Amino acid sequence: MAEPIDNGVLFPAYTKYPVSLIKGNGSRLWDDQGKEYLDFMSGIAVCNLGHVPLKIKRRIQEQLEQVWHVSNLFHIPNQQKLAQMLTAHSCADLVFFCNSGAEANEAAIKCARRYHQRVLGNGRYEIITFEKSFHGRTMATLTATGQDKVKDGFFPLPEGFAYARYNDIQSVEDRITERTAAIMLELVQGEGGVYAADPEFVTRLSVLCKERGLLLMIDEVQTGMGRTGKLFAYEHYGIEPDIITLAKGLASGFPIGAMMGKKKLRDAFSPGSHASTFGGAPLAAAAGLATLETILEERLCERAEQMGAYALQRLQEQLQSYSIVQSVRGLGLLIGLECREPIAPVIQELLLHGLLVLAAGTHVIRFMPSLYITKEEIDQAVDIVSTVLERR
């Protein structure tokens, strides 16, 4: 494996693998040395339709021949169509477009505060989030994140956040005060170790929010767009959140984010209250529209549910006797393999064997393949994992 050139002009904000990926197709990637990789990262749950999906490629090419950017001071037809499709297939009524998951969560935090302060007039501003959560890297969203490591060196942090224990309703109740405006959570904590929310906990949380006049905000940045076997993870739980945030898989690799909300929130984002220069611009909207159309037309949510169940079963069956393996868990095609020792060396070895996976904390390997993944590709990935783990 040739070492890529590092000319020292980039901030060293990332610990990079010694690989330059230059070509992709479906669930496969190739580096600049011609080596092929089976991709179970999907660009961190971004390339839900695999690499260079044809319909999205064509739609972007068509848009490139028309107009690339206009500001949100004008009507953007594809933005309107994408918002209409998102609301038609969710419990939301309104959409605000931005460029990333962090921006979507930032918008959600602002919307929640402004709804309470300007619409209801009660002055509430505090958001309850959860330990081990991850909501972004802006100052507000890293503060919302329930992991100390992302906050190191960024003090003082904005006030207005409290942290409860995941799947512990009493912990939530203990943190509600007269200042509490909303509760924000992931229904599967991806970065935090691939932990799914308990259905009873989510039901009680939804009821609690209604009783206390709090907004329920679901961060679907990683779980949205079919990843868990439903278009949105909240559909597994029989609830209707007030706010849903999206990004990653929404446009097949083209940068976009979205905050979706109930109609009661309309006046919280009145003209001039929030904005995004690039949010929902023609190119991003075209990619997002083509992505959503493909997921729905080709019933990829159902496929993700089926392939996820198959992958979970294969991993459990083949690895159950390995002493290093603690557990295998997941929802749809978001799967975590917890090990009894740090997994950083394992991930590096999997890379050498041509399998791309992610870490979720220090002891969990995270698998997030394309929604088009096949049983044969899953079998290949499980065999590689088995080969690497049996040596440890």
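Helices (H or I, at least four residues) and strands (E, at least two) are DSSP runs, numbered from the N terminus. Those labels are used throughout these legends, and the model they describe is predicted.

**View 1. The second largest pocket and its lining.** Helix α3 (77–88) and the strands β4 and β12 each give the lining at least two residues. The largest share comes from α3, which supplies five. By residue type, the lining of this pocket splits into 15 nonpolar, 13 polar and four charged residues.

**View 2. The open sheet of seven strands.** If you follow this sheet from β4, the order is β4-β12-β11-β10-β7-β5-β6, and the pairing is mixed. From one strand to the next, the twist averages 20°. Two strands of this sheet, β4 and β12, also contribute to the pocket lining of View 1.

**View 3. The pairing of β11 with β12.** Here we zoom in on two strands of the seven-stranded sheet. Strand β11 (residues 243–246) and strand β12 (residues 257–261) run antiparallel and are joined by four bridges. For a handy landmark, look for Thr245, whose bridge partner in β12 is Met259. Strands of a sheet pair through backbone hydrogen bonds, either parallel or antiparallel.

**View 4. The open sheet of four strands.** This sheet has the order β1-β2-β3-β15, and its pairing is mixed. Its edges are β1 (21–25) and β15 (355–356); each has a single partner strand, so one side of each lacks a neighbour in the sheet. Four bridges connect β1 with strand β2 (residues 28–31), and the two pair in the antiparallel sense. Within this pairing, you can find Lys23 opposite Trp30 in β2.

**View 5. Helix α11 and its buried residues.** Helix α11 (residues 375–389) has 15 residues. From its first C-alpha to its last it reaches 21 Å, close to the 21 Å expected at 1.5 Å a residue. Which residues of α11 are buried? They are Glu377, Ile378, Ala381, Val382, Ile384, Val385, Ser386, Val388 and Leu389. Buried here means under 20% relative accessible area.

Methods. Residues numbered from 1 in each chain as written. Predicted model: local features only at pLDDT ≥ 70, side-chain atom pairs only at ≥ 80, totals over all residues. Heavy atoms only, no water. Pairing = 2+ DSSP bridges. Axes fitted to C-alpha atoms, helices over the stretch in contact; angles between N-to-C directions. Nonpolar A, V, L, I, M, F, W, Y, C, P; charged D, E, K, R; others polar. Expected span 1.5 Å × (residues − 1). Buried < 20%, exposed > 50% of the residue type's maximum accessible area, 1.4 Å probe, protein only.
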